[in-house]
Amino acid sequence: MSVIETHRTAPSPVSRWLDYARRNPATVICCALLLAFLLIAIFAPLLAGDPLKINPALRLKPPSDDAIWGRDHLGRDVFARAIYGTRVSMLVGFSVAILVTLFGVAIGVYAGLSPIGGAVVMRLTDAMMAIPAVLLAIAFASLMNAGLLTVIIAITIPEVPRMVRLVRSVVLGVRQQLHVTAAISIGTSGLPLVWRHILPNTLGPVLVQATYACASAIIASAVLSFLGVGLSPEVPSWGGMMADARQQFRIHPILMLYPGVLLSLLVLAVNILGDRLSDALDPRKSRRSGL
């Protein structure tokens, strides 16, 4: 076969992307959902009106031209509050995932490379993981002033031990590999050893765990808002919307359905992407699934 014929038969980037989309429709749909949620969070002021405007004369008004999802018990626009609630959930989810990755990787690498320090760190993580993460988040949020930063910190602290345990187990395995043993034998230590040989081997598991931390943080933020902890009642959030809709659930169940569906879609998209990322980064799973 000539060079020209080989060039003609090579698939184009568009055809490769279409082939991937045909073989992995769930991944493409989840990426599209996440992109849609991200755009909604960024352009919320352009998509909806004031989510804090109260008009008691319009309380529990059904959907209309000025409020396409109706109004809540205080006359606030449900659609506007749901749009701005997307911004809160996305900000909490991504912020917690980044913080958990930074602190979890740093502590986990230290625990894996230091036998004595690692034992102390693991006992502390075991003690923290013995308490349900939601209870820890509620406790930390109750001790601090209400605000978005409080929610992020309160959710990050219980999530860090899970990342620490994962990274430490990966580091302990990487230390037994020949190239790492050879690097240590020639005197490589400290940051050069970590940057060149340890961190590259932890990238895959860390990325997968970060997606799960993001989904868990979104759920935890909704739980805290539903319980009235962390965020002030005026801040539009999906959990707060569901808490406000409890009083009118029998008469207007649709008020709880809107934020519930949005929360489910966002968490489902993040979790499915985490599963697909886990399959893609695992060579054995990739061969079985044909990725």
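How many cavities of 30 Å³ or more does the count come to? Tell me what lines them, too.

Reply: First, the ground rules. This is a predicted model, where local features need pLDDT of at least 70, side-chain atom pairs count only at pLDDT 80 or more, and totals for chains, interfaces and linings use all residues. Residues are numbered from 1 along each chain as its sequence is written, and side-chain values use heavy atoms, with hydrogens and water left out.

The count comes to two cavities of 30 Å³ or more. A cavity here is a set of points, on a 1 Å grid over the protein atoms alone, where a 1.4 Å probe fits but cannot get out; lining residues have an atom within 4 Å of a point. Points are joined across faces, edges and corners, and the volume is the space filled by probe spheres set on them.

The largest cavity holds about 100 Å³ of space. Its lining consists of D72, H73, R76, V78, R81, M241, D244, A245, Q248 and L255. Two elements give two or more residues to this lining: α5 (78-113) and α11. Helices are DSSP runs of H or I, at least four residues, numbered from the N terminus. By class, the lining has four nonpolar, two polar and four charged residues. Ala, Val, Leu, Ile, Met, Phe, Trp, Tyr, Cys and Pro count as nonpolar, Asp, Glu, Lys and Arg as charged, and the others, Gly among them, as polar.

Take Q248 from that lining. Q248 sits in the loop between α11 (238-244) and α12 (254-281). Why is Q248 called buried? Because its relative accessible area is 11%, and buried means under 20% (1.4 Å probe, protein chains only). Leaving aside neighbours within four places in sequence, Q248 is in contact (heavy atoms within 4.5 Å) with L60, H73 and P253. H73 is also one of the residues lining the largest cavity.

The second largest cavity has a volume of about 40 Å³. V88, S89, I218, S221, A222, S225, S237, W238 and G239 line it. At least two residues of this lining come from each of α5, α10 (190-227) and α11. α10 gives the most, with four residues. The classes here are four nonpolar, five polar and no charged residues.

One last point on α5. The axes of α3 (residues 25-42) and α5 come within 8 Å and cross at roughly 110°. Axes are lines fitted to C-alpha atoms over the stretch in contact, with angles from 0 to 180 degrees between N-to-C directions. That makes α3 roughly perpendicular to α5, a term for angles of 65 to 115 degrees.

Notes
Buried < 20%, exposed > 50% of the residue type's maximum accessible area, 1.4 Å probe, protein only. 1 Å grid on protein atoms, 1.4 Å probe; cavity = no way out; pocket = protein on both sides within 12 Å on 5 of 7 lines; lining within 4 Å. Parallel < 35°, antiparallel > 145°, perpendicular 65-115°, else oblique.
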